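Me: I would like to learn how to read features in a structure like this one. Please take me through a few.

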Amino acid sequence: MGYGFGYGYYMDWTYILVLIGAVLCMAASAKVNSTYSKYSRVRSMSGMTGAEAAKRILNQNGIYDVRVEHVRGNLTDHYDPSAKVLRLSDAVYASNSVAAIGVAAHECGHAVQHQKGYAPLKIRSTLVPAANIGSRLGLPLIILGVIFGGTGSLLAQIGIWVFSAAVLFQIVTLPVEFNASDRAMRMLSQYGILGQQEVGHVRKVLGAAALTYVAAAASSILQLLRLVLLFGGRGGRDRD
């Protein structure tokens, strides 16, 4: 019997790849939450808030056209290069913890990348439209391809390639995030915002945060591998 998109009446071993990816993401999320929670209770010796630290770092780098704004949510911090706005979450904007200052500095790292024309950031920004399409349409295209043409259909192949754009985005994100964290720690020390021991605390917070990006990339790669194994190497429609 052909197994189509349901893979028949047996346990599909490739689900293991999905499970591994899910475990990695959950473990990384738990790690960053516990680490941030620990150092969010450590007050910085300078007493600066995340917003104040961000403004100082931006000014020290000659960046005066980026606004620092408060955004609702937990760890929803991000830098918007199109609007030139650095948005800090509830737990970061008004907090004077070393964790909050570290997160704010990390987002400033992205603003500095933007200012200096950091190549991986440019590449990631260019990939955003393709990544959005890939994450939304990749799997539906594969499903339609399998339904109407079998596991080796052209439409299923197109779906895999479209999904690959989202995976590529996750991979390119890694150097962007690592570099932003490296910049953050250097700037916090160089500008006297945090002491040496406090920078060590920030390193742990940002290191834990980096694991979430690594886990997301690994999960995406495993998902792509699964799709290729299931739909990328067979010709024509499965038969009995």
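Reply: Lys204 counts as partly exposed because its relative accessibility is 48%. Buried means under 20% relative accessible area, exposed over 50%, and partly exposed in between (1.4 Å probe, protein chains only). This is a predicted model: local features need pLDDT of at least 70, side-chain atom pairs count only at pLDDT 80 or more, and totals for chains, interfaces and linings use all residues. Residues are numbered from 1 along each chain as its sequence is written, and side-chain values use heavy atoms, with hydrogens and water left out.

Me: Where is Lys204 placed?

Reply: Helices are DSSP runs of H or I, at least four residues, numbered from the N terminus. Lys204 is in helix H7, residues 196–231.

Me: Is Thr49 buried or exposed?

Reply: Thr49 is buried, at 16% relative accessible area. The loop between helix H1 (15–39) and helix H2 (50–60) holds Thr49.

Me: What does Thr49 touch?

Reply: Contact means heavy atoms within 4.5 Å. Leaving out residues up to four places away in sequence, Thr49 touches Tyr93, Ala94, Ser95, Asn96 and Ile101.

Me: Where is Gly159 found?

Reply: Helix H6, residues 154–190, contains Gly159. Gly159 is buried, with 0% relative accessible area.

Notes:
Helix = DSSP H or I, 4+ residues; strand = E, 2+ residues; numbered from the N terminus.
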